[in-house]
Amino acid sequence: AQDTGRTLRNGDVLRVVPVLEVAEGIVTLAGHVREPRDFEWRPDLRLTDLIPTPDALNPFADTGYVLIRREDAAGRVDVETTDLRLALSEPGGPADLLLRPRDRVFVFELSTDRSGIIDPLVTQLGEQREYGEALPVARIAGEVAIPGRYPVTDGMRVSDLVRAAGNLNEAAYTLEAELTRRVLVDGQFARVEF
């Protein structure tokens, strides 16, 4: 909060900074954390600078799946995900992602619906895709903690999707699963089952 009650004197200069200029230099931590807030961005800022220990999280936080909503200066949205447990066990390692200006880091609660964050993000991803380009989303259903739609990131594996969905339930049959893929053929989606 700014001090708006201060008395002005002759020669004072008041500069009001545009919101966009402020947003350019921040990274936001949100979700199931003890202190959701903005951080000043710097070139070496990593996930563990925002969340240095598990004590920064609320009880029952999902440390296996952290989602980072990235937005470039042109407003184009992208998504990164990582495993916070790995990042905390090896600060500076591959899971401890470098953050960029305007990143929004979301920590989810275990076993709680994530659609309030995921669905608007999926909508944004869909709105910015090129004509005929598939939506970068995967759906997971069945014996997982939080079935639903999740953004697909570069190099994402089935195990990453399962981790995003809060992992398998105890009733899951781990020796078999069904993967269905929809591919674009001649401008139309064709369903392909595996």
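Visitor: Is Arg42 buried, exposed or partly exposed?
Guide: Arg42 is partly exposed, with a relative accessible area of 35%. Bear in mind that this is a predicted model.

Visitor: Which side chain does Arg42 meet in a salt bridge?
Guide: The side chain of Asp44, at 2.7 Å from N to O. Asp44 also counts as partly exposed, at 46% relative accessibility.

Visitor: How many salt bridges turn up in the whole structure?
Guide: A search finds 11.

Visitor: What does Asp103 pair with?
Guide: Asp103 forms a salt bridge with Arg70, and their closest N and O atoms are 2.9 Å apart. Asp103 sits in the loop between α3 (84-89) and β5, while Arg70 is in strand β3, so the pair ties together parts that are 33 residues apart in sequence.

Visitor: Buried or exposed, those two?
Guide: Asp103 counts as buried at 1% relative accessibility. Arg70 is buried as well, with a relative accessible area of 7%.

Visitor: And what about Arg102, what is its salt-bridge partner?
Guide: Glu71, with the closest N and O atoms 2.8 Å apart. This pair links distant parts of the chain, since Arg102 is in the loop between α3 and β5 and Glu71 is in strand β3, 31 residues apart. Arg102 counts as buried, at 14% relative accessibility. Elsewhere, salt bridges that share partners join Arg42, Asp44 and Asp49 into one network.

Visitor: Back to Glu71. Which side chain makes a polar contact with it?
Guide: The side chain of Arg69, at 2.9 Å. Arg69 lies in strand β3. A further polar contact, of 3.3 Å, joins the side chains of Arg69 and Gln124.

Visitor: So is Arg69 buried or exposed?
Guide: Buried. Its relative accessible area is 13%, and the cut-off for buried is under 20%.

Visitor: What else does Arg69 contact, beyond its sequence neighbours?
Guide: Leaving aside residues within four places in sequence, the contacts of Arg69 include Asp78, Arg102, Asp103, Phe106 and Leu121.

Visitor: New topic: helix α4. Why does its length make sense?
Guide: Helix α4 covers residues 115-127, which is 13 residues. At 1.5 Å a residue it should span 18 Å, and its end C-alpha atoms are 17 Å apart, which agrees.

Visitor: Which of its residues are buried?
Guide: Ile118, Leu121, Val122 and Leu125. Seen down the axis of α4, these buried residues fall within an arc of 105°, so they line one face of the helix.

Visitor: Which residues of the largest nonpolar core touch the most other members?
Guide: Of its 20 residues, they are Tyr65, Leu67, Phe108, Ile118, Ile140 and Tyr150. Two or more residues each come from β3, β4, β5, α4, β6 and α5 (158-164). The largest share, four residues, comes from α4. There is also a second, separate core of 19 residues, which includes Val27, Ala61, Ile68 and Val107.

Visitor: Where is Val105?
Guide: Val105 lies in strand β5. Val105 counts as buried, at 0% relative accessibility. The C-alpha atoms of Val105 and Ile68 are separated by 4.5 Å, although the two residues are 37 apart along the chain. Besides Ile68, residues in contact with Val105 include Val27, Leu29, Leu47 and Leu99.

Visitor: Last one: Thr81, buried or exposed?
Guide: Thr81 is buried, with a relative accessible area of 16%. Its place is in strand β4. Not counting residues up to four places away in sequence, Thr81 touches Tyr65, Val66, Leu67, Leu97 and Thr153.

How values were computed: Residues are numbered from 1 along each chain as its sequence is written. This is a predicted model: local features need pLDDT of at least 70, side-chain atom pairs count only at pLDDT 80 or more; totals for chains, interfaces and linings use all residues. Side-chain values use heavy atoms; hydrogens and water are left out. The expected span of a helix is 1.5 Å times one less than its number of residues. Buried means under 20% relative accessible area, exposed over 50%, partly exposed in between (1.4 Å probe, protein chains only). The arc is that of the directions from the helix axis to the C-beta atoms. A polar contact is a pair of N or O atoms within 3.5 Å; within protein, one must be able to donate a hydrogen and the other to accept it, and residues adjacent in sequence count only if both atoms are side-chain atoms. Contact means heavy atoms within 4.5 Å. A nonpolar core is a set of buried Ala, Val, Leu, Ile, Met, Phe, Trp, Tyr and Cys residues joined through side-chain atoms within 4.5 Å. A salt bridge is a side-chain nitrogen of Lys or Arg within 4 Å of a carboxyl oxygen of Asp or Glu.
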